[in-house]
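This report covers a predicted model.

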Amino acid sequence: MSSFNALRTQYASLLKQFLTSTKDFEVLTTIPPDHSAESKTLYVLDSSFNPPTRAHLRIASTALLENPKPRPRLLLLLATQNADKPSKPASFEDRLVMMELFARDLRAHLESAPAFAASSFTHAIENLPLVDIGVTKKPYFVDKAAAIEASDSYPVPLEQVHLTGYDTLIRIFDSKYYPPEHTLKPLEPLLSKHRLRVTMRPSDQWGGREEQMEYVAALARGDRDCEGGRREWAERIQLVEGRFPTDQPVSSTRAREVLQSAPHELDWLLPEQVRQFVLSQHPYSGNSKIYLETPTV
């Protein structure tokens, strides 16, 4: 418990410094603290982490295992403001603590993966990804990518691969988020240099697998030309399979619901160290309402 309190105090201080600074983006911590390694690709998992779940673990680990060499790097990114509404209910410092614990869970998960387990112990440890815990004041994907680019945290040029769900892809391509012209032209700086790795989410709300693939195919055909979309952007969007239809849905909202009703069942929703924190520190105990996930754009 004392270690959790120390982490919370550490992140509360770092967060306060960031919020009072003129910076739009900052890496607060790197797990492990290794600043000498350079990567050609930065995977970015931008979420509310409220709390981090096994769905986050699957999205991050499958992406990192696709290209284990050269040593990959992952940025867990938390926005301190949002495009649609304030984010609730866990405090930002508690989420940052959970993000660090999630980073440890992720590295432990990857260490047991065949891509790493086949190597010697020392070699495997050296090739595990570095995980950055970062914060941004920007609410939109295009501005977040630009803030990361403009920072001195990473070498330039560095390709960013943003790990998103299909629902987020729909929001990224919704022109209502890009006033005053409300066109897709603001996406040009993002999709001319960086990529989206999108986990499909077949559902009644978002349609089946074929419908989701058709969404990107329509962009490639030129169906979004009139909105300022570019056909070549479709080549920068990778659609990947998500959970199987028979799998139970895993989300932060579901984890908060189970925490209220059956906390002993959290093991299939939350990675180990995150689960220990949630059960021992009660970051959601003061909230009687179950809030929906805050959209990321």
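## Confidence

The model is predicted, and its chain averages a pLDDT of 88. A score of at least 70 is reached by 88% of the residues. Over residues 287-295 the pLDDT is below 50, although this stretch has 25 contacts in the model beyond near neighbours in sequence. Where pLDDT is low, the predicted coordinates should not be read in detail.

## Helix α1

Helix α1 covers residues 2-19. With 18 residues at 1.5 Å a residue, α1 should span 26 Å, and its end C-alpha atoms are 26 Å apart, which agrees.

Phe-4, Leu-7, Arg-8, Tyr-11, Leu-15 and Phe-18 are the buried residues in α1. Seen down the axis of α1, the buried residues fall within an arc of 100°, so they line one face of the helix. An α-helix has 3.6 residues a turn, so residues three or four places apart point the same way. The face of α1 turned away from the buried side carries the exposed residues Ser-2, Thr-9 and Lys-16. On the buried side, the residues of α1 pack against β1, α3 (92-111), β4 and α11 (272-281).

## Strand pairing

Strand β1 (residues 25-31) has six of its seven residues buried. β1 pairs with strand β4 (residues 130-136) in the antiparallel sense, over six bridges.

β5 runs parallel to strand β2 (residues 41-46), to which five bridges join it, and Thr-41 stands opposite Glu-159 in β5. β5 also pairs with β6 in the parallel sense over five bridges; here His-162 stands opposite Leu-196 in β6.

## Nonpolar cores

The largest nonpolar core has 45 residues, and Leu-74, Leu-76 and Leu-96 have the most contacts inside it. Helix α3 supplies the largest share of this core, nine residues. Apart from this core lies another, of 20 residues, among them Leu-184, Leu-190, Leu-196 and Ile-237.

Leaving aside neighbours within four places in sequence, Leu-74 is in contact with residues including Leu-42, Val-44, Leu-64, Leu-106, Leu-130 and Leu-163. Asp-132 is also among the contacts of Leu-74.

## His-194

His-194 is found in the loop between α8 (188-191) and β6 (195-199). Its relative accessibility is 1%, so His-194 counts as buried. Leaving aside neighbours within four places in sequence, His-194 is in contact with Ala-145, Glu-149, Leu-158, Glu-159, Gln-160, Pro-189 and Arg-236. Glu-159, one of these contacts, is the residue of β5 that stands opposite Thr-41.

## Backbone details

Most residues other than glycine have a negative phi, and most peptide bonds are trans. The peptide bond from Asn-50 to Pro-51 is cis, with omega near 5°; Pro-51 is found in the loop between β2 and α2 (54-66). A cis peptide bond also joins Pro-179 and Pro-180, with omega about 0°. Pro-180 lies in the loop between α7 (166-172) and α8.

His-182 is in the loop between α7 and α8 and has a positive phi of about 55°, although it is not a glycine. At 38% relative accessibility, His-182 counts as partly exposed. His-282, in the segment after α11, has a positive phi near 50°. At 46% relative accessibility, His-282 also counts as partly exposed.

Key
Residues numbered from 1 in each chain as written. Predicted model: local features only at pLDDT ≥ 70, side-chain atom pairs only at ≥ 80, totals over all residues. Heavy atoms only, no water. Buried < 20%, exposed > 50% of the residue type's maximum accessible area, 1.4 Å probe, protein only. Helix = DSSP H or I, 4+ residues; strand = E, 2+ residues; numbered from the N terminus. Pairing = 2+ DSSP bridges. pLDDT = per-residue confidence, 0-100. Contact = heavy atoms within 4.5 Å. Expected span 1.5 Å × (residues − 1). Arc of directions from axis to C-beta. Core = buried A, V, L, I, M, F, W, Y, C linked by side-chain atoms within 4.5 Å.
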